Amino acid sequence: MNYRHSYHAGNFADVFKHVQLTLLLQALRTKESPFCYLDTHAGTGRYDLQGATAQKTGEYLQGVMRFWLRDDVIDDVALADYLAAVRVLNPDGELRYYPGSPRIARHFLRPQDRMVLMELHVQDAVFLKREFRGDKQVHVHCADGYTGLKAFLPPPEKRGLVLIDPPFEDGNEFERLTDSLRIAYQRWPTGIFALWYPLKDNYRVQHFHRQLVVSGMRKLLLAEMHLHTHPPVNTLYGCGMVIVNPPWQMDEKLRALLPCVLAGLQPGGEGKTRVEWLVPE
Ligand SMILES: C[S@@+](CC[C@H](N)C(=O)[O-])C[C@H]1O[C@@H](n2cnc3c(N)ncnc32)[C@H](O)[C@@H]1O
C-alpha cells in the first residue's frame with residue numbers, strides 16, 4: 001500500500017467527491033430518523049496543506065483553493081455548505097487544514113446519527129482514531145473496507161450512506177469495487193452507495209459501467225466531470241461517481257451543481273460534466 005491521500009488532499013477529485021457527499025448527507029438530514037454513514041476507505045480525516053506531502057504536489061491549489069475566499073461568487077447551496085465544512089477547520093480564514101470525507105460527514109451528523117470508518121493503512125488509521133478520539137458517534141476500524149462492508153451491513157438505523165473511495169493502486173480495483181458492491185447491495189438493497197472512480201483508462205471505465213448495468217441492481221445514477229475537452233493520453237483527466245439509490249431529485253441537483261464545480265476548477269471554460277442514469281428505477 002503506497003498510496004497516501006495527503007499528497008492529493010483538497011485536489012479537484014476531492015472537491016468533486018466532497019460536494020456530492022455534502023448533497024447526499026443533506027438529503028439524509030431531511031428526515032428526523034437516525035442514519036448511519038459508512039466510509040470504507042476513510043483516510044486520516046484531516047490533512048495539513050502546509051505539510052511536506054501536500055506542498056510537494058500542490059494539488060490543492062488547483063482544487064479547494066480555487067473556491068476559498070470566493071463566497072461572493074458561490075450561489076450554489078451544496079457548494080456553500082461544503083465550504084462551510086472546510087471553514088470549520090480553518091476558523092482564522094487561512095486555508096491550512098483540509099477535511100477528508102470522515103470530517104466532512106461528521107460536520108453533517110446530528111446527535112442521533114452515527115458513522116463507521118474503515119482504514120487499512122496502519123499509520124493512517126492511528127491518525128484517524130486520534131482525530132475522533134472520545135467521539136461516541138464515530139467508530140473507527142483499522143480494517144479492509146470491502147470486508148468491513150460485509151460485517152457492518154445492514155446497519156441497525158436502516159437508513160444511510162456508504163462511501164467507497166479506493167485508491168485505485170491495483171489493476172483489479174474496478175473488479176473488487178463491483179464485486180463488493182454487489183454483495184453489499186444484497187445485504188442492504190435500500191442503502192445509498194456512492195462509488196468514486198478515476199477517469200484515466202476509458203476501456204476500464206466502460207467495462208466497469210457495463211458490469212454495473214448487467215448486475216441486476218436498479219437506480220444507478222452516474223455523475224462525471226471531465227477537466228479537459230481533449231484529454232491528454234494516460235493522465236487523470238477527470239473522475240466519476242456512481243450513486244446507487246440516490247435521494248429524490250439528486251439527478252437534477254447534480255445537473256445544477258457540477259457545472260458550477262467545473263467552472264470554479266477550470267475558469268477557462270474547458271471540460272464537461274455528465275449526469276445520467278446508468279440504470280433507471
Ligand atoms: C482515496 S483515499 C480516501 C480518501 C477519503 N475517502 C477522503 O475522501 O478524504 C483511499 C484510502 O484508502 C486506504 N485503503 C487502501 N486500501 C484499503 C482497503 N482495502 N480498505 C480500507 N482502506 C484502504 C488508503 O490507505 C487511503 O487512505
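The crossing of α1 and α4 is right-handed. A crossing counts as right-handed if the near helix is turned clockwise from the far one by less than a right angle, and left-handed if anticlockwise. This is a predicted model: local features need pLDDT of at least 70, side-chain atom pairs count only at pLDDT 80 or more, and totals for chains, interfaces and linings use all residues. Residues are numbered from 1 along each chain as its sequence is written.

**Helix packing**

His18, Leu21, Thr22, Leu25 and Gln26 of α1 meet Ser101, Ile104, Ala105 and Phe108 of α4. Contact here requires C-beta atoms, placed from the backbone, within 7 Å. By class, this contact has five nonpolar, four polar and no charged residues. Ala, Val, Leu, Ile, Met, Phe, Trp, Tyr, Cys and Pro count as nonpolar, Asp, Glu, Lys and Arg as charged, and the others, Gly among them, as polar.

| Pair | Angle | Axis distance |
|---|---|---|
| α1 and α4 (residues 101–108) | about 30 degrees | 10 Å |
| α1 and α3 (residues 77–88) | roughly 105 degrees | within 9 Å |

Axes are lines fitted to C-alpha atoms, for helices over the stretch in contact, and angles run from 0 to 180 degrees between N-to-C directions. α1 and α4 are therefore roughly parallel to each other. The axes of α1 and α3 cross at roughly 105 degrees. That makes α1 roughly perpendicular to α3. Angles under 35 degrees count as roughly parallel, over 145 as roughly antiparallel, 65 to 115 as roughly perpendicular and the rest as oblique.

On the α3 side, Ala78, Leu79, Asp81, Tyr82 and Ala85 take part; α1 supplies His18, Val19, Thr22, Leu23 and Gln26. This contact of α1 with α3 divides into six nonpolar, three polar and one charged.

**Ligand shell**

The ligand has 23 residues around it; His41, Gly100, Ser101, His121 and Gly145 come nearest. A residue belongs here if its C-beta atom, placed from the backbone, lies within 6 Å. α1 (12–28) and α6 (145–152) each supply at least two shell residues. The shell has eight nonpolar, eight polar and seven charged residues.

**Overall fold and backbone**

The protein has nine helices and ten strands. These are DSSP runs (helices H or I, at least four residues; strands E, at least two), numbered from the N terminus. The C-alpha atoms fill a box of roughly 45 × 45 × 40 Å along the principal axes.

Leucine 153 and proline 154 are joined by a cis peptide bond, with omega about -5 degrees. Proline 154 sits in the loop between α6 and β6 (160–164). Phenylalanine 168 is not a glycine, yet has a positive phi of about 55 degrees. Its place is the loop between β6 and α7 (173–187).

How values were computed. Contact = placed C-beta atoms within 7 Å.
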